[in-house]
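Biologist: I have not looked at this one before. Can you walk me through it?

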Amino acid sequence: MSIKHLEQSMNDLAYRIIAGAPSPVAPFSHAVETGDWVFLTGQIPQDPTNDAASFPVDIAAQTRQTMENLKTVLKGLDLGLGNVVAVRVFLTDFYRDYAEMNAIYESYFPKDQRPARTCIGVTGLAREALVEIDLIARRT
């Protein structure tokens, strides 16, 4: 890649805040686009209509809300889960929550069209969430 092409690529960034998505809990955009690629910031199980609401108590409900938040961001970008190529899942209690999170997560993708995925155990997440999920999508 030439330096001129690299500079062009770097100037092709679009920073997106999506109406109706949960308010950012830190200084970030909901998504950043470059060319056909869209990088979604990790979402947590935040209620998009009430930032002060408590999170659901269990991992199943937290995973469901997190996935719904991601769908809202994707929809605001005229994309859907079918555009997702890679996913990262972060769990604060990996061994306790992994199987139950997977049971909810897998319901969002057809068996033959699951994105690449990494699942990571972490020591903490924003607002004491049990799960955070980020995505990489591609416009087709």
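Biologist: Which side chains meet in a salt bridge at 2.7 Å, N to O, with Arg88 as one of the pair?

Modeller: Arg88 pairs with Asp134. A salt bridge here is a side-chain nitrogen of Lys or Arg within 4 Å of a carboxyl oxygen of Asp or Glu. Asp134 lies in strand β6 and Arg88 in strand β4, so the pair ties together parts that are 46 residues apart in sequence. Helices (H or I, at least four residues) and strands (E, at least two) are DSSP runs, numbered from the N terminus.

Modeller: Before we go on, this is a predicted model: local features need pLDDT of at least 70, side-chain atom pairs count only at pLDDT 80 or more, and totals for chains, interfaces and linings use all residues. Residues are numbered from 1 along each chain as its sequence is written, and side-chain values use heavy atoms, with hydrogens and water left out.

Biologist: Is Asp134 buried or exposed?

Modeller: Asp134 is buried, with a relative accessible area of 11%. Arg88 is partly exposed at 41%. Buried means under 20% relative accessible area, exposed over 50%, and partly exposed in between, with a 1.4 Å probe and protein chains only.

Biologist: How many salt bridges does the structure hold?

Modeller: Seven. One of them joins Glu33 and Arg16, with the closest N and O atoms 2.8 Å apart. Glu33 is in strand β2 and Arg16 in strand β1 (residues 13-16), 17 residues apart. Glu33 is buried at 9% relative accessibility, and Arg16 is partly exposed at 34%.

Biologist: Now the helices. Which residues of α3 are buried?

Modeller: Asp97, Met101, Asn102, Ile104 and Tyr105. Seen down the axis of α3, they fall within an arc of 155°, so they line one face of the helix. The arc is that of the directions from the helix axis to the C-beta atoms. Tyr95, Arg96 and Ala99 are exposed on the other side. The buried residues pack against α2 (59-76), β4 (84-91) and β5 (116-121).

Biologist: And how far apart are the end C-alpha atoms of α3?

Modeller: Only 14 Å for 12 residues, short of the 16 Å that a straight helix would reach. The expected span is 1.5 Å times one less than the number of residues. By contrast, α2 has 18 residues and reaches 26 Å, close to the 26 Å expected.

Biologist: What caps the N-terminal end of α2?

Modeller: Asp58 does, with a side-chain oxygen 3.1 Å from the backbone nitrogen of Ala60. Just after α2, Asp78 takes a positive phi of about 60°.

Biologist: Where is Asp78, and is it buried or exposed?

Modeller: Asp78 is in the loop between α2 and β4, and it is exposed, with a relative accessible area of 71%. Glu128 also has a positive phi, near 60°. Glu128 lies in the loop between β5 and β6 and counts as exposed at 73%.

Methods:
Contact = heavy atoms within 4.5 Å. Polar contact = N/O pair within 3.5 Å; in protein donor to acceptor, adjacent residues only side chain to side chain.
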